[in-house]
Each structure stands twice: as structure tokens, then as C-alpha cells.
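Subject: Structure for you to look at

Hello,

Here is the structure I promised to pass on. Please open it first, then read my notes below.

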Amino acid sequence: MIAELGHFALILAFGVALIQAIVPMIGAWQGWRGWMAVGEPAATAQFLLIAASFGALTYAFVTSDFSLQLVFANSHTDKPMLYKVAGVWGNHEGSMLLWVLILSGFGAAAAWFGGALPPSLRARVLAVQASIGAAFLGFILFTSNPFVRLVQPPFNGKDLNPLLQDPGLAFHPPFLYLGYVGLSMAFSFAVAALIEGRVDAAWARWVRPWTLAAWIFLTIGIGLGSWWAYYELGWGGFWFWDPVENASFMPWLLAAALLHSAIVVEKREALKSWTILLAILAFGFSLIGTFIVRSGVITSVHSFASDPERGVYILVLLAVFVGGALTLYAARAGAMQAKGVFGMVSRESALVVNNILLAVAALVVFVGTIWPLVAEMAWGRKLSVGAPFFEKAFTPFMLLLVIVLPIGALMPWKRAGLARAVQPLIPAMVLALSVAALTWAIGTNRSAIALVGAGLGSWLIFGALTELWVRSGRKAARITRLPRADWGKALAHGGLGVTFIGIALLTAWDSEDIRVAKIGEPFTVAGYEITLDGVEEVQGPNYTSTVGTMSVRENGKLTAVMHPEKRVYPVQAMPTTEAAIDQRFTGDVYLVIGDPQLGGGFAVRTYIKPFADWIWTGLALMALGGMLSLSDRRYRVAAGARKRAPLAATPAE
Amino acid sequence: MLKRLIVLLALATAPLLGAAPLWAVQPDEVLPDPVLEARARELAKVLRCPVCQGENIDESNASISRDLRLMVRERLVAGDSDSDVLDYITNRYGEYVLFEPEAAGANLILWYTGPAALVLALGGAFLFIRSRRKAEATAAPALSDAENTRLAELLDE
């Protein structure tokens, strides 16, 4: 019954979304206030209906209602409650439902907090947002209905893939979707502005927080996914350049570019049409990501429900939304006249360089991801594009970006002198070079990756510190009183530096040992003496586990006792490794236990992962920086100011 | 000799293997010569397992990957250079097994899209900024004294 109510609510939401997509749009076109006003209650109703539907599906998972086909295929009564709930989005149908829930949530938020927007712009934004919602609700109802019943309900379910039964991965998809779908707001604002024919600073002030929020969510989502891969897959890899990972990485790069170009629109009223284009492309890449994950066109280890019919549906959606928006863009972008003029050396130009590098990097990832498809269709060649290509073709753009970032961040608007902008950064430059030299000196191998990565990473960190120092007028007391936006910027840029150092040193310096370890016989890896003290069998809620006890000694002193596990989930007959990781500031000791060996002892893998945690610490700092910036006074003050004086926006012409 | 050595308890093939997963690289495969072994591991990372979903043969648990790993080591012991080994494998299994497509023929498009786009974009941005500055420079002093007087008159009206 509850499931049928959920299904019914979903159908109603589809109807509401259609109304919301059409009525306010006509209202804004004809200038009918009443029709425009439909958007707001419709957005709320659509959100509540989808939330009810999502609640019904969650209820079915929590109560293990195996008469639902989806619950049967993805759940089990013995599964811990957290994963029963996470199981709702651990599959194609449920994750699509989460997708539209978040989409309508963003639409509702725009309706609730958009009181200060010009009514016609708000009506159009809500209508565009609802048209995306309607398209995806139709997709769910016609191709991926989560509420399909089984004629004969089985006694128990098939369980969720054990690899997904992990707290890191339970929250990875929601964050990723919040990011993907958050970009729909930028898209809706861009399309509404194109229809409206005006883009101004006020528009950018609206788009920026949404984009920033989406980017924060994407950063957290990607970070969680990469962290999960690191500790769960059992060998400490953190990024694979897999098509599905690329699918989340491209919107992240473009969102980062959009974030920066919207600053130029807001502060200087320049780069308007480029910003609109980026907003369209950023969401377009979110849709491409959805297509890649769910169509099965490109093989990936993450293969979700691959189904050609669904693939075609999403491809049509992609063509309609992105194609439509780009056509509109071609017709109307000329109307977006820029006002601000800037010099060749200026903050604006630096942000243009930032945008070019991020966009070209995203293009490289995109071409690499679809190249196997293109080669097969055009020349009938079956080829592969993997990590070695991306490492070579993508990294140079990031290096360039990092080199220019601290200089650009300190440049004044409009017109600047290169020498004057670089001058305050000389101490940072000297410090970064010393870090590079130190890395070269202490490195156990003469690795150029370590040297360059550590040098550039610390260049970013010292550059961010320099900027805080300069902004506070070189007075320590004033640093704490800087606006949160300044702190956010410094944290995000410094965080990128921390991640850079982590990736470089981990790549350059990690070491591995594979052996059969006998109980009580110590062995040495990279200066760590490791002993397998014992192994026992443990029964978990829905798995059995082989747990090792291993001690780590440095210079004869016991520094850690670790418990690597190997679990077997009987329902899916699938083993997983639960690596034991001893986290340290300068790196991790990472232990994996395998099967017992014929001659006695256990297969054991030891990895020493220098500076591994810096990667995720940096990502967390970047997300934190984004949040600080989002909570800056100017958004709150600006929102209040516009409430007093709405309709102040002027046409761009 | 601290090279990055990748081994994965493979994600995609694990369900097929049941409860007893194999390690990717077996201890018996390892070559006694550490230099040759390191080269073998580096080569194994750029070769794709032909039956898996996007794994290299170094991470893969499939038996064909083991065969390929052994084949790489055999060729290295026989004195082949790295590119000889890759040619040898590609001749037998097709270019599908190369994770890094050869920078030749149509693949040049793949390799040069990024650099070409960067050059075009930087050039375009340079011209755009310069033309906007010129427009400003010519637009600003366009009013002569006479025009200014006329403008003042119009504004007064």
C-alpha cells in the first residue's frame, strides 16, 4: 500500500512538474503575474510529492518489503540499518529517485529563497528547473520504476553489493548527486537569463552561491569516493581515471571554472556570455555523466544498470536540454554585452587563464573518456584510453594552473603590473623552492614527481598565506578580522596545495611488500618491522571475517597494533578486504591479510603510503573553504539589501 | 627501488571467483632480478586485461592477465626492450590492450586536442582582451569639445 502511494505521488509529481514547466514560462512571456506565481507553490508541491515517494521507497527498504522487486534485488534482512537506508540509492532506480528529489529540492529552495529575484526571472528559472524535473520523472516512470511489485514475494533479498556496505560509500552518492544536480540551478539561471536577455551583477550574485554549493558537494562526493577506494579496495589506489570517475571530475572542473568566471561577472560585468556558456556546459557534463554511468556505452568497473533503452532516453534528454540551451545561446549571446574593460595583466585576465586551463583540462578528460567510442564508430578500432594517457595529457594543465594561481589571486582588478603582483610573493617562492630542495634531499629516490609536486603544492600554500597577509594590510591583528570570503579563498587554494603534495609524494615514494607471513615471524618493510601475531575467525552481522592481529615496530619500539580483515558475505558469495590503516601525519602503514597458505602462514600485503592522508585533508580544506566563502556576510547583506529594493536589476544592453 | 607497485584485489572480477580470491601478482611470478621485475610491473600497468572492465593486467585476477604478465616477463628475460614487449603483446592481442593509445594516425587527435585547444583559447583570449581595450581607447575620447557642448545642451533640455 505504502509503495503504491509512493508510486502515485511520483506520478502526481510528474504532472505538477509539467504544469510548473509550462505555466510560469507562458506567464513570464505574456507578463501575467498570476501565471508566473504558479511556479512557487508548484515547486514546493513537486518537492513534497517526490519526498513522499522517496520516503515510501525508504520505508520499503527499512521494513525489507521483498514484494518490491527493487528491495528484493538490493537488500537483505540481516543487513545493518545504515545500509538498508543506503541501499535505497545503491541501485539505478533508487538513485534516480534521489536525483529528482534533490533536483526538486533545489527548485523549491529557489522558490523559497528567491523572493528578491525579479518575478519574471524567478518564474523562468523555476520553469526550466521543472522541465528538467519532468524529463527525469518521466525517465523514472517509463523506464526505471522503483515501485515494481513481484508476483510472488521471496523470503529474503539478494543483498547489497558488499563493497558498497561501507559508511564512506553510503554517503558518497548523495553528495555527488547534490553536486551534479546543484549545477542544474546554474543551468536554469543561465537559460532563464538567455530568454530574459539580461545578465548583470545581480544575476551573477545569484548564480555564484548555487554553483559554489554544487562544487562543495562535488568535492565532498569525489573525496568520499576516492577515500573509499583507498581503504576498501585493498591496495590503496585513490584514483583510476575510470569513465565513471571522469564523469564526476568533468563537472567538478567546469564548476570550478564557473565559480571563478561568475566572480568576474559579479565584480566587473565582463565575461557574461562565457559564464552563461560555462553554466550550460557544466550541467551538460553532469548529464553526460549520468549517461555514461547508466547507459553502459562505455565499459567501466562501476557499471550500474546498463540498459540501451535507458541510454537512448538519457541521450535524447541530453540532446534536448544541452542542444536546446546551446541553440538559445547562439541566438541570444550577442545580447549579453560586457561592460567592464580590463588590461592584459589584471585579475580578470588571470581568471580568464584559470578558466581556459580548467576548461581545456575538462576537454582532455572528455576526449579521453569518449575516444574509445569515437574510434570504434569512426574507424572500427577497438582501443583503450586509461590512466597512463590521462596522467600524461591532463597533468600539464594542472601544473600550469598551479604556477599562475597565487600570482593571479593577488592581482588587482582592471589593470596591474606583473612585477608589482609578483613582488609580495617572493618569500613564498623562496619557501616553495626550499621545500622542493628538501624533498629532493630527503627522498629515498630521486623522483622528479616528488620535487615538482611538493614544490608547487607548497607554492600554493605559502601563496595563500601571503595573500592573507597582504589583504590584512600586513598586520597580524587584522588577519582574524578578514572577511570569510578571503579566508575561504585562502583555505580552498591552500587545500589544493595540500592535495597536490599528497598526490605527488604518494605517487613518488610509496612502497609495497607481498609475502607469506608466518605467525610470530617479523619482517621489515621500508624501516617498519611488522609481525603477524595471530589470526581469528569472527562472525559479523551478515558476514564472516578473518581478522589478523599485526604489530608494527619502529626501531624496536611498538608503534601500532593493527587488525586487517578479510570478510566473506555469504549472500552474494563475495569476499572483501578491510585493510588496517595506521594513519600518520607523514603517511600510512596499510596492511591487508589474505588467504591461509598451504605451507602455513597467511598471504600478507604491506604498503607504506607516504603523505596519503594529505590528499583527502586537502579536499576537505577545499570544501571547508567553499563553505566559509558561502557563509560570507556579503551574501547575507546583499540578500537583505535586495529584499528592500527588488527589481533593481538593469538590462545589460 | 621504491617504485609504485600496484596490486588490486580486483573489484569487477571478484564476484566471479567465489569465496577464494586470487592475488593479482603471485609470488611465483616475481623475477629474481629487481630491475627487470620493476620494468615488468611498469609494463603491466599500461596493459589492459582483455576480458575485464577497465583493469590493467597488474591488478587483474583473470587467468589471461596472469598469462600476459608471464609473457611480459619472458620477453624481458629474453632481452627485449620495453617497446619490443609492447609491440609483441599488441601484435597478438590488438591495440585494445594498450591503455595509452599510440600517438600516431587518428590517435593524434586524441593527443593533440588539449594542447591545440590551449593554444587556440589563449590566442582567442589575447585577441579578445586587446580588441576590447582598443574599443575602449577609441570610444572614450570620441567626443570633441563641440560635441560636449551639444551634449550639455541636450542634457539641460
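I start with a domain contact. In chain A, 4 residues of domain 2 are in contact with 8 residues of domain 3. The side of domain 2 of chain A that touches domain 3 has 2 nonpolar and 2 polar residues, and no charged ones. The C-alpha centres of these two domains of chain A lie 39 Å apart. Please keep in mind that this is a predicted model.

For orientation, chain A is divided into domain 1 (1–165), domain 2 (166–412) and domain 3 (511–613).

Next, the helices. Two packed helices are described by the angle between their axes and the distance between the axes. I looked at two pairs, and helix 9 of chain A belongs to both.

Helix 6 with helix 9:
- Helix 6 (residues 92–113) and helix 9 (residues 172–196) of chain A pack at about 45°, with axes 9 Å apart.
- From helix 6 of chain A, the contact includes Leu98(A), Trp99(A), Ile102(A) and Phe106(A). From helix 9 of chain A, it includes Pro173(A), Tyr177(A), Val181(A) and Met185(A).
- The contact residues of helix 6 and helix 9 of chain A divide into 12 nonpolar, 3 polar and no charged.

Helix 9 with helix 10:
- Helix 9 and helix 10 (residues 201–232) of chain A pack at about 155°, with axes 7 Å apart.
- Over 145 degrees counts as roughly antiparallel, so helix 9 of chain A is roughly antiparallel to helix 10 of chain A.
- The crossing of helix 9 and helix 10 of chain A is left-handed.
- Contact residues of helix 9 and helix 10 of chain A come to 20 nonpolar, 6 polar and no charged.

Last, the sheet. Chain A has an open sheet of 4 strands in the order 1-10-9-8, with antiparallel pairing. Which strands stand at the edges? They are strand 1 (511–517) and strand 8 (580–584) of chain A. Each has a single partner strand, so one side of each is left without a neighbour in the sheet. Neighbouring strands of this sheet are turned by 15° against each other on average, direction ignored.

Strand 8 of chain A pairs with strand 9 (residues 587–596) of chain A in the antiparallel sense, over 5 bridges. One bridge to look up: the partner of Arg584(A) in strand 9 of chain A is Gly587(A).

Best wishes

Technical notes:
Residues are numbered from 1 along each chain as its sequence is written. Chains are lettered from A and ligands numbered from 1 in the order in which they are written. This is a predicted model: local features need pLDDT of at least 70, side-chain atom pairs count only at pLDDT 80 or more; totals for chains, interfaces and linings use all residues. Axes are lines fitted to C-alpha atoms, for helices over the stretch in contact, and angles run from 0 to 180 degrees between N-to-C directions. Two residues are in contact if their C-beta atoms, placed from the backbone, lie within 7 Å. Ala, Val, Leu, Ile, Met, Phe, Trp, Tyr, Cys and Pro count as nonpolar, Asp, Glu, Lys and Arg as charged, and the others, Gly among them, as polar. Two strands pair if DSSP finds at least two bridges between them. Domain bounds come from an automatic or database domain assignment. Angles under 35 degrees count as roughly parallel, over 145 as roughly antiparallel, 65 to 115 as roughly perpendicular and the rest as oblique. A crossing is left-handed if the near helix is turned anticlockwise from the far one by less than a right angle, and right-handed if clockwise.
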